[in-house]
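Open the structure in your viewer and keep the selection tool at hand.

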Amino acid sequence: MALRAEPAAVVGWGSLNPLGADANSTWDAVIAGHSGIQTLQAPWSEDLPVRLAGCVPTGALDSLPPLLRRRSDRCAQLALVAARQAWAMTGPITQGLDPSRIAVVIGTGIGGLATMHDQHTQLSTGGPSRVNPLTVPMLIPDAAAGQVAIELGLLGGAHTPVSACASGAEALMLGQMLLNDDRADLVLAGGSEAPVNRLGLVGFAAMRALSSRNDAPDQASRPYGLGRDGFVLSEGAGVLALMRQRDTPAGADLGWLLASGSSSDAHHIVAPEPQGLQASRAIDDALRRADVSPSDLCGVQAHATGTSLGDLAEARALRRSLGSAADHLPVCAPKGQLGHLLGGAGAVETILALQALRLGVLPGSLNADPLDPEVELAVANQGPVQLSSDQGQRLLLKNAFGFGGHNISLVLAGSTPAQPG
């Protein structure tokens, strides 16, 4: 029987993504209905079949020293900026904490993909002597977690779940487990990805996973939409600072991670189990560990990437787990605006979900109208939806699924019942 998890308070967060260089600007852009997807203008993209992506705002990494930028992959750089933002928000909470009791968990789906591509090019064109001696420490997936721990002097362990597009959400699950097991008193947990480069775009395009709407980038990412033709590749990072409930000062929380559920499809390395049977198990696991029923929820934030098979599998999983509650629970699909941040998606989107709970407004799902009639969910495709607080503290279900059949579901709660605005 699943044990009830001890809630983890979110006491800080940091985010940079195609819609903003921090969490607040991201929320403003999301609620305004903006798209972060753009046509690529760089010369390296001119001959690619897919020439659209989501990139972080220009200058978002300028705060990093030039030497660090030369010696680290963009994936680690994004994580470091997001972690700095989250760490700054913890303020007085972290004063006096033992650094050996503060852990880092930064997930990624791939890691240093740009470094891998660049250094292979150097090897192919210039020979072995042209390869950067820092190639390996720059491209390894755990570089982001290591850089964060080094930068902030955190000694409580640096961990890196690599579970494709579920990595960021799995990092949050692992962070809560570290707190529940008394291995840390505070955890910086999240995810980062920097796949917008020649190798990343060619690789995903070759497997026909990406939308090819090069002439209409803001309409390309269409989760749950009838005309969807694949996801849009994006970069970014999100990091959340987590603490145990009993250690959190009164009024210091920004929201709560109540519980996490997980499962694996054991079906296919890329395609999801089409009926969402195991994804449904992850949802059920999270609800059970949070001691929450579907009727207690006020909304759902879906994984919904905009692929034909993936969106239907998730819709079926939600319908199976939520039952009749799926008829009216509003569903938000943020990738319509953000694109797909792969290993960074779960964390960046969780911050948005917690902001929605705090403000009582669930963002709309861009490009989900007209809705695929096979998606039997109350998708918010007509703009933002006011969230009910009839149950007291607002509760929301958040999904993240990844290639290989990795399924993670989170149950999130708002800090206090709040009025919009």
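Predicted model: local features only at pLDDT ≥ 70, side-chain atom pairs only at ≥ 80, totals over all residues.

**Stop 1: the largest core.** Select L188, Y224, L322 and L377. These four touch the most other members of the largest nonpolar core, which has 69 residues. Next, select residues 74–90, helix α3; this helix gives the most to the core, with 9 residues. Colour 8–247 and 260–414 separately: domain 1 and domain 2 each supply at least three residues to this core.

**Stop 2: around L377.** Centre on L377 and show its surroundings. Apart from neighbours within four places in sequence, L377 contacts Y224, A315, L318, R319, A326, V331 and L371.

Stop 3: In soluble globular proteins, nonpolar side chains tend to be buried together.

**Stop 4: S192.** Select strand β6, residues 186–193, and pick out S192 within the strand. Is S192 buried or exposed? S192 is buried, because its relative accessible area is 0%, and the cut-off for buried is under 20%. Beyond neighbours within four places in sequence, the residues in contact with S192 are C75, L78, A79, I106, G107, T108, G236, A237, G343 and G344.

**Stop 5: the surface.** Switch to a surface view and select M207, I269 and V270. Together they make a nonpolar patch with about 260 Å² of accessible area. I269 lies in the loop that runs between β8 (255–264) and α9 (277–290). I269 counts as exposed because its relative accessibility is 62%, where exposed means over 50%.

Terms used
Residues numbered from 1 in each chain as written. Heavy atoms only, no water. Core = buried A, V, L, I, M, F, W, Y, C linked by side-chain atoms within 4.5 Å. Buried < 20%, exposed > 50% of the residue type's maximum accessible area, 1.4 Å probe, protein only. Helix = DSSP H or I, 4+ residues; strand = E, 2+ residues; numbered from the N terminus. Domains from an automatic or database assignment. Contact = heavy atoms within 4.5 Å. Patch = residues over 30% accessible without salt bridge, like charges linked within 9 Å, V, L, I, M, F, W, Y side chains within 5 Å. Areas by Shrake-Rupley, 256 points an atom, 1.4 Å probe, with all protein chains shown as cover. Salt bridge = Lys/Arg side-chain N within 4 Å of Asp/Glu carboxyl O.
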